[in-house]
Each structure stands twice: as structure tokens, then as C-alpha cells.
Amino acid sequence: MKWDARHLAGRVRMVDALDATRGQVAALRADGADVVIALVHGGLDTRPWDGTLDNPGWHVAASGLVDAMVLGHEHLRFPDPHSARPAYGDLPGVDAGAGRVHGVPAVMPSFWGRALGVIELSLRFRDGRWQVDRDDSRSLLLPHGATDASGVTPDAQVAGLVAQAHAGTLAWLEEPIAETRIAMTTFFADVGDTSALDVVNRAQVDYLRERIDADWPQLRGLPLLSAAAPFKTGSAGPDDYTQVAAGTLAIRHAADLYLYPNTLVAVKVTGAQLKAWLEQSAKRFNRIDPDVATPQPLVDTGVAGYNFDVIDGVRYVIDLTREAGARIVDLRHADGRAVDPQEWLLVATNNYRAGNGQSFGFDASALVVDTQAGNRDVLIDWLRERRVVDGRDPRSAPPWRFAPLPPQANVTFSTRAGLAAEPSFGPHRLQRVADTDDGRAVYRLHVGPE
């Protein structure tokens, strides 16, 4: 109802998730149901309930109305007893090892069929009905046992039925659209490599500039920025990264660079709101104690890569030693001018971000341009028109960098194994420490003065 409001307003009525739970559970109990399981297309959000949260599972469990929950939407693993930093592990009332939310057994089985969520409920007949014995119940994830990179073993019968359509789709995906002189990947997107994001931001800005001149002339005088995020950052395994080699670019490469079927929009925000946006993105990183010599992981894996927006058209510094919400320490325009908290700016983004901007510092009123053009389609057309993609202009620094850290700070970062031993991105240098058994490599991050 937020990011598809133009299609749904006046046609669809949405019911508050908790109100729906209360009404449906009451009806089910009245019909004689002993056990009620909630299928929640959402994760866990502990913010005060206001009826609009995308992830209502925590509140549904707290209502005490359901006996078990199957969660989704956020594509995380829950429970995850073997992880040092499991998803939702720091939330009150949540046991991420046992798979309990306010005592309610729950699972969220990753995505792409990579795991099977299993809830085993122990039932006792008491007071004339069957009741769930939570202490004797359990939640777990079972790996799928897939043999290919998709995460799901192909079914031969289904494969035969769709073979012709599948072959046609693959042929279309291989259609050449341009050439690239550089590799574009997200292997090191969390440490300053913006190669896979630069082309998206350039395409979005060029398209919007033309559309604004033609259709929204009242916005011409505003600085035009662009936001893009690394959609694939290894959450689904060591091959879950954007990987576009130098050479011919096909449609499949554009789909790798822009994974989701979003539409291009622009939001009008103040300098203060822009900073809040970047602060939210910087929550992708853990706070680093500069005086600690033991390893400290850089990335908070509980914050998805697709929420780490990189905004081009400005330059900013992220201070990892500061608490979340106060990490953007130097926000400037590309020409070096400080961004005024009161000035207005225009940011190209997608309908998903515009419709869920509350936690990023703005609300629905910020949406001023809705092109209804797909971000991926804009990228494909831009590549076809330019034919050749070069890297970022060497005179133009990447949008962001980390503030310097003292040499003793031991910050670790992991990505796919088998890549360059010691890559560097501006002042960020990586030193490979070890390879792990799961196909990843661990690096130590050194951040010196620029």
C-alpha cells in the first residue's frame, strides 16, 4: 500500500496485522482449532506497533495468540545456533539459537529453497483440548542438500516441461547490449569498491535529468544525486555476489547489476534527511573499538546489503568508531562545499526505498518524481546507448570512505575466496588472513589517511 499505492489506493483495503491476527485466531478457535500457526510474510521488528510495520512477527508472537510462526520477507536464517552473530540475536524476547520469539517456536528458512524450516510441536491433552508444550517443542533449519549454485536441485520432470521456455529465456539473456572495459563486482562493496554501483547511479541520473527537464521543470535547480545498493553481498553463500567481467555486456549482466524489478523514482530531501539516510545505511557496519587488537568483524550481517545505499553526487566519511546514527562525519557536495542541513536535494532511487523511507529519514511526501520506468530497463537502455562502459573518472573520487583507524585496530572482512590477495580502494587496504572451509576468505582491513 506504500510503494504500490498508485495501483492500489481506493481499490484495496489493508487490515492491521495484529487486528487481522486477533480476528482470525478468534474465528479459528471458535471453530475448534487446538493449534494455530501463523504464516507471517515478515520478520521481526521491535519498534512500537503502529499498524504499518513491514515485519510484524515479533508483535504477533507477543500477542500470545499463536502457537508457532513461519517467518519470511527478510530472507534470513532463523534459528541459527551455530552463528556467532545470528539474525535477531540481540532482540529482546528472542532466542535465536533455539528459534523462539516470546517463547513461540518460529523459523525463517533463508531463501531460494536453501533450507527447510521445521517446527516440531509437542502436544499435551489438557483441560479438554490439545495444547502445545513449548518446552518440549523445537525449531530448526535443515539444509536442502542442493547440488548446483541455484540452491535447489533441479527436478527432471519440471525441467522437461519448461525446457523450451527456459532455452528461449537463456538466449534472450545472452543478447549483447554493450562492452565494458572494467570488471564490475560486489566482492568488496562493503570496503569501498563501487564498480557495480557506479554504472547504475550514472544511468539513473542521466535518465532522470532528461525526464525532469521535460516533465518536471520546477525541479531543475536542485542538485541531483543517485542512490544504489549492492544487492548481492554473500548472504546466500560465497557465490552470491555480482560478478561482471570485462568484455561483452549482455542482458543477464544488467540483471546481475540490478537484481530487483523496482521502478525509478526521485525523492526531495533536505541535507539533514540525506545525512539520516546515510546514517541508516552505515548501520551495515559494526562499531569498532580502535584500541582493541583482537579481531572485530566489519559487517553486521543482520543488516542486508540491499539496505547499504551508496549515494553518488556527494562525498562522505563513515567513522566506524562512532555509535550507529552518528557515523557520517563529513558530508560534502562533489565540489567540496559542505551540505547544508536545510538545503533541498533530489535523489534518484527506487520505489521500494521511497515507500519504506521512514527509517531512512523521510516519509511518503518526499516522493516527487515517479517515472514508472524499471530501474533495470533504464540501465539496459543506458548501456545500449553508450555501447562502452569505462570506470569512474580518475579525477572523481568514490562517494564514500572510512575515517582513518589506528594501526592496532584489527578489523576483519570476509568475501569469496580466490580473489586478489591484497586489493585496495582509496585509503582502504585489505590483507588476506585466511581462507575458511565454506569458500570464503578473511581479510584484515587497514584504513589509513587518504
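Student: What is the strand order in the open sheet of five strands?
Tutor: This is a predicted model, to begin with. The order is S17-S25-S28-S27-S26, and the pairing is mixed.

Student: Which strands stand at the edges there?
Tutor: Strand S17 (296-297) and strand S26 (424-425). Each has a single partner strand, so one side of each is left without a neighbour in the sheet.

Student: Are S26 and S27 parallel or antiparallel?
Tutor: Antiparallel, over two bridges. Strand S27 covers residues 428-435.

Student: And what is the bridge partner of Phe425 in S27?
Tutor: His428.

Student: Next sheet. What is the order in the open sheet of three strands?
Tutor: S15-S11-S23, again with mixed pairing. Strand S15 (247-250) and strand S23 (388-389) stand at the edges. Each has a single partner strand, so one side of each has no neighbour in the sheet.

Student: How many bridges join S11 and S23, and in what sense do they pair?
Tutor: Two bridges, in the parallel sense. S11 spans residues 176-180. Thr180 stands opposite Val389 in S23.

Student: Which strands does helix H10 lie across?
Tutor: S11, S15 and S23. H10 is residues 375-386, and it runs at about 65 degrees to S11.

Student: How does S1 pair with S2?
Tutor: In the parallel sense, over four bridges. S2 is residues 68-71. Leu39 stands opposite Val70 in S2.

Student: What unit do S1, H3 and S2 make, and is it right-handed or left-handed?
Tutor: A β-α-β unit, right-handed. Helix H3 in that unit is residues 57-62.

Student: What about Ser110, buried or exposed?
Tutor: Buried, with a relative accessible area of 15%. The cut-off for buried is under 20%. Ser110 has a positive phi too, about 60 degrees, and is not a glycine. Its place is the loop between strand S6 (104-109) and strand S7 (115-120).

Student: Which peptide bond is cis?
Tutor: The one from Phe78 to Pro79, with omega near 0 degrees. Pro79 lies in the loop between strand S3 (77-78) and S4.

Student: Where does Asp95 lie?
Tutor: In strand S4, residues 94-95. Asp95 is partly exposed, with a relative accessible area of 38%.

Student: How far apart are the C-alpha atoms of Asp95 and Pro261?
Tutor: 34 Å. They are 166 residues apart along the chain.

Student: Is Phe362 buried or exposed?
Tutor: Buried, at 3% relative accessibility. Phe362 lies in the loop between helix H9 (351-355) and strand S22 (367-374).

Student: Zooming out, how many helices and strands does the protein chain have?
Tutor: Ten helices and 28 strands. The radius of gyration is 24 Å, close to the 22 Å that the globule rule gives for 450 residues, so the chain is as compact as a globular protein of that length.

Student: What box do the C-alpha atoms fill?
Tutor: Roughly 75 × 55 × 55 Å along the principal axes.

Student: What share of the residues is buried?
Tutor: 45% of the 450 residues. The accessible surface of the chain comes to about 21900 Å², and 52% of that belongs to carbon and sulfur atoms.

Student: Last one. What share of the contacts between residues at least 6 apart join residues at least 24 apart?
Tutor: 71%.

Technical notes: Residues numbered from 1 in each chain as written. Predicted model: local features only at pLDDT ≥ 70, side-chain atom pairs only at ≥ 80, totals over all residues. Heavy atoms only, no water. Pairing = 2+ DSSP bridges. Contact = heavy atoms within 4.5 Å. Axes fitted to C-alpha atoms, helices over the stretch in contact; angles between N-to-C directions. Right-handed = clockwise from strand over helix to strand, strands pointing away. Rg over C-alpha atoms; globule rule 2.2 N^0.38 Å. Buried < 20%, exposed > 50% of the residue type's maximum accessible area, 1.4 Å probe, protein only. Areas by Shrake-Rupley, 256 points an atom, 1.4 Å probe, with all protein chains shown as cover.
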